Structure formats: structure tokens, C-alpha cells
Amino acid sequence: MNADLKHHVHAARATSADNLAHETRCFLRRRQKQPHIVCGYFAARHVRYTIQ
């Protein structure tokens, strides 16, 4: 999730701390509505143990 967040927030080109916080909140709200993507975060081998 961290890499996904960094990728999307970086692409938004925040110009201030307030704008960065706003973009981060928007991203996380969007992900809340996309559970299939969130589940994909746990499909990688190195984190698969968390869903057993």
C-alpha cells in the first residue's frame, strides 16, 4: 500500500503540506471503495502469511 500511495500522491504534485495531506486523504478514501485492490496488496509472497 505504501508504494501505491507514494506513486499516486507523487503524481498529484502536491505544492504544500496541506495539499499533500488532502491528496493522501483522497487516495485513501478512494481505496476504501476498491476492496479488490486492497486485497491485492496481500497477494505478494512476502506478505501472504498475513491472510492465512
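These are my notebook entries on a predicted model of a single chain.

**Entry 1: confidence**

The chain averages a pLDDT of 89, and 90% of the residues score at least 70. Then I went through the helices. Helix α2, residues 17-32, comes out highest at a mean of 95. The lowest is helix α3, residues 35-40, with a mean of 91.

**Entry 2: overall layout**

Next I wanted the fold in outline. I get three helices and zero strands, in the order α-α-α along the sequence. Is the chain a compact globule or more spread out? It is more spread out, because the radius of gyration is 13 Å, well over the 10 Å that the globule rule gives for 52 residues. I also boxed the C-alpha atoms along the principal axes and got roughly 40 × 20 × 15 Å.

**Entry 3: surface**

I then looked at burial for the whole chain. Of the 52 residues, 10% are buried. The accessible surface is about 4400 Å², and carbon and sulfur atoms hold 57% of that.

**Entry 4: Arg31**

I picked Arg31, which sits in helix α2. Is Arg31 buried or exposed? Its relative accessible area is 10%, so I log Arg31 as buried, the cut-off being under 20%. I checked what its side chain does: there is a polar contact with the side chain of Gln34 at 2.4 Å. Which residues does Arg31 touch once neighbours within four places in sequence are set aside? My list reads Asp4, His8, Ile37, Val38 and Tyr41.

**Entry 5: Asp4**

Asp4 was on that list, so I followed it up, since the 4.5 Å contact cut-off applies there too. Asp4 belongs to helix α1, residues 2-12. At 15% relative accessibility, Asp4 is buried as well, being under 20%. Leaving out residues up to four places away in sequence, Asp4 touches Phe27, Arg31, Ile37 and Tyr41.

**Entry 6: Ile37**

On to Ile37, in helix α3. With neighbours within four places left aside, Ile37 is in contact with Asp4 and Arg31. Asp4 is in helix α1 and Arg31 in helix α2, so I have contacts from Ile37 to both. Ile37 has 26% relative accessibility and counts as partly exposed. I also took a C-alpha distance to Met1: 9.4 Å in space, for 36 residues apart in sequence.

Glu23 is another helix α2 residue. With 24% relative accessibility, Glu23 is partly exposed. Its contacts, apart from neighbours within four places in sequence, are Val9 and Ala12. I ran two C-alpha distances from Glu23. To Ala43, 20 residues apart along the chain, I get 26 Å. To Pro35, 12 residues apart, I get 19 Å. Pro35 itself is in helix α3, and at 49% relative accessibility Pro35 counts as partly exposed. I note that exposed needs over 50%, so Pro35 stays in the partly exposed class.

**Entry 7: Arg13 backbone**

What is phi at Arg13? It is near 55°, a positive value in a residue other than glycine. I flagged that because most residues other than glycine have a negative phi. Arg13 lies in the loop between α1 and α2, and its 58% relative accessibility makes Arg13 exposed.

**Entry 8: cysteines**

How many disulfides does a search of the whole structure find? The search finds zero. For the record, a disulfide is a covalent bond between the sulfur atoms of two cysteines. Cys26 is partly exposed at 24% relative accessibility, whereas Cys39 is exposed at 55%.

Technical notes
Residues are numbered from 1 along each chain as its sequence is written. This is a predicted model: local features need pLDDT of at least 70, side-chain atom pairs count only at pLDDT 80 or more; totals for chains, interfaces and linings use all residues. Side-chain values use heavy atoms; hydrogens and water are left out. A disulfide is a pair of cysteine sulfur atoms within 2.5 Å. Buried means under 20% relative accessible area, exposed over 50%, partly exposed in between (1.4 Å probe, protein chains only). pLDDT is the predictor's confidence in each residue, from 0 to 100. Helices (H or I, at least four residues) and strands (E, at least two) are DSSP runs, numbered from the N terminus. A polar contact is a pair of N or O atoms within 3.5 Å; within protein, one must be able to donate a hydrogen and the other to accept it, and residues adjacent in sequence count only if both atoms are side-chain atoms. The radius of gyration is taken over C-alpha atoms; the globule rule is 2.2 Å times the number of residues to the power 0.38. Accessible areas come from the Shrake-Rupley method with a 1.4 Å probe; for residues, only the protein chains shown count as cover.
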